[in-house]
Amino acid sequence: MIAGVLGFFSAETTSAAPVTEVHAVLACPPAKSEAHRPLLVKADGYVEAGDDEGAARSFVAAYDAMDLANQVAGSGKFAADRAVTSYLKAWRIDRQVAMLEEAERYLERYLERLEFGATEGCNVVDRKWAEDKLAEVRAEMPKDGPAPPDPKDPPPDKPKRDCPSEAAIFGVDRVGVALVTVGASLFVAGAGLLVPGAALPNLAGRQAFIIAGGITMGAGVAFIIPGAVRLGTWRRKRSRARLAVAPWTGRGLAGLTVSGRFGARR
């Protein structure tokens, strides 16, 4: 009986011994690949060449070639920062919404990788930078309709009118015009005297009509010639004025036609 009691106490003592719990600690898988480095060099070449779209996509390709340890650390943030900067620059120059859409999708994926790296035991960089960049990209997105024009862009061409513009005339030789006008008036008046005298043989004072008409027409020609010379000289020096003088006759009528343009186009 005593032996049974001792065995009982011995069993109680053994069962009350403390139990040690072991917790498994996750370790971030170490980086093994260096495939992203040539892609970073290629992306820098695009930057120097001014190809922002090519640079952005090359930086994204370099990020995708990294191991998880590099993606969530400083190397991944460097590639992400350069990629987003190139995307925004390409958008602000060319106004292609596709650049903003690619940048938004990439930043969303970048934040997911940071979250995954944290669960795998990696030391991730500050995720606030990625959240701020994502907010900046979304703020640049056009809300409605086409993208607003860049203030540096030249204004669009105004629609052309179908109707022709009115010619502007200026700079006329007034003395020449006055001489031609007076001469034409005298020529017409002389013709009005000469024609009846020549056409009506029974007209009283027929000879006087003929003489007066001839003298008046001659005086008109005397005014027209210097006026035409002045206009012609002025045209050669200062404008494209043109003058045409042509006599005309009809049954019982006669006259002188003066036509042309006595100015210049602006």
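**Note on a predicted helical chain**

1. Helix α6 covers residues 97-119, and at 1.5 Å a residue its 23 residues should span 33 Å, which agrees with the 34 Å that separates its end C-alpha atoms. The expected span of a helix is taken as 1.5 Å times one less than its number of residues, and helices (H or I, at least four residues) and strands (E, at least two) are DSSP runs numbered from the N terminus.

2. Residues are numbered from 1 along each chain as its sequence is written, and side-chain values use heavy atoms, with hydrogens and water left out.

3. The chain has 9 helices and 2 strands, and from the N terminus on its elements run α-α-α-α-α-α-α-α-α-β-β. Of its 266 residues, 27% count as buried, where buried means under 20% relative accessible area, exposed over 50%, and partly exposed in between (1.4 Å probe, protein chains only). Among contacts in the chain with a separation of 6 or more, 64% are accounted for by residues 24 or more positions apart, a contact being heavy atoms within 4.5 Å.

4. Returning to α6, its buried residues are Met99, Leu100, Glu102, Ala103, Tyr106, Leu107, Tyr110, Leu111, Leu114 and Gly117. What covers these buried residues includes α3 (52-64), α4 (68-71), α5 (74-94) and α7 (127-140). Just after α6, Gly121 takes a positive phi of about 85°.

5. Helix α5 has 21 residues and reaches 30 Å from its first C-alpha to its last, close to the 30 Å expected at 1.5 Å a residue. The buried residues of α5 are Gly76, Ala79, Ala80, Ala83, Val84, Ser86, Tyr87, Leu88, Ala90 and Trp91, and the elements that cover them include α2, α3, α4, α6 and α7.

6. Most residues other than glycine have a negative phi. Arg95 is placed in the loop between α5 and α6, and at 26% relative accessibility it counts as partly exposed.

7. Helix α2 (residues 36-49) and α3 pack at an angle of about 170°, with their axes 8 Å apart; axes here are lines fitted to C-alpha atoms, for helices over the stretch in contact, and angles run from 0 to 180 degrees between N-to-C directions. The two helices α2 and α3 are therefore roughly antiparallel to each other, a description used for angles over 145 degrees, whereas those under 35 count as roughly parallel, 65 to 115 as roughly perpendicular and the rest as oblique. From α2, the contact is made by His36, Leu39, Leu40, Ala43, Asp44, Tyr46 and Val47, and from α3 by Gly54, Ala55, Ser58, Phe59, Ala61 and Ala62. These residues divide into 9 nonpolar, 3 polar and 1 charged, with Ala, Val, Leu, Ile, Met, Phe, Trp, Tyr, Cys and Pro counted as nonpolar, Asp, Glu, Lys and Arg as charged, and the others, Gly among them, as polar.

8. The structure holds 5 aromatic pairs, defined by rings of Phe, Tyr and Trp (its six-membered ring) with centres within 6.5 Å, where planes under 30 degrees apart count as stacked, over 60 as edge-to-face and the rest as tilted. One of them is the edge-to-face pair of Tyr63 and Tyr106, with 5.4 Å centre to centre and 90° between the planes. Tyr63 lies in helix α3 and Tyr106 in helix α6, so this pair ties together parts that are 43 residues apart in sequence. Tyr63 is buried at a relative accessible area of 1%, and Tyr106 counts as buried at 3% relative accessibility.

9. Tyr110 and Trp129 also form an edge-to-face aromatic pair, with 5.9 Å centre to centre and 85° between the planes. This pair links distant parts of the chain, with Tyr110 in helix α6 and Trp129 in helix α7, 19 residues apart. Tyr110 counts as buried at 1% relative accessibility, and Trp129 is buried with a relative accessible area of 16%. Tyr63, Tyr106, Tyr110 and Trp129 form one aromatic cluster.

10. Finally, Asn70 is found in helix α4 and is buried, with a relative accessible area of 15%. Leaving aside its neighbours within four places in sequence, Asn70 is in contact with Ala31, Ser33, His36, Ser75 and Gly76.

Methods:
This is a predicted model: local features need pLDDT of at least 70, side-chain atom pairs count only at pLDDT 80 or more; totals for chains, interfaces and linings use all residues.
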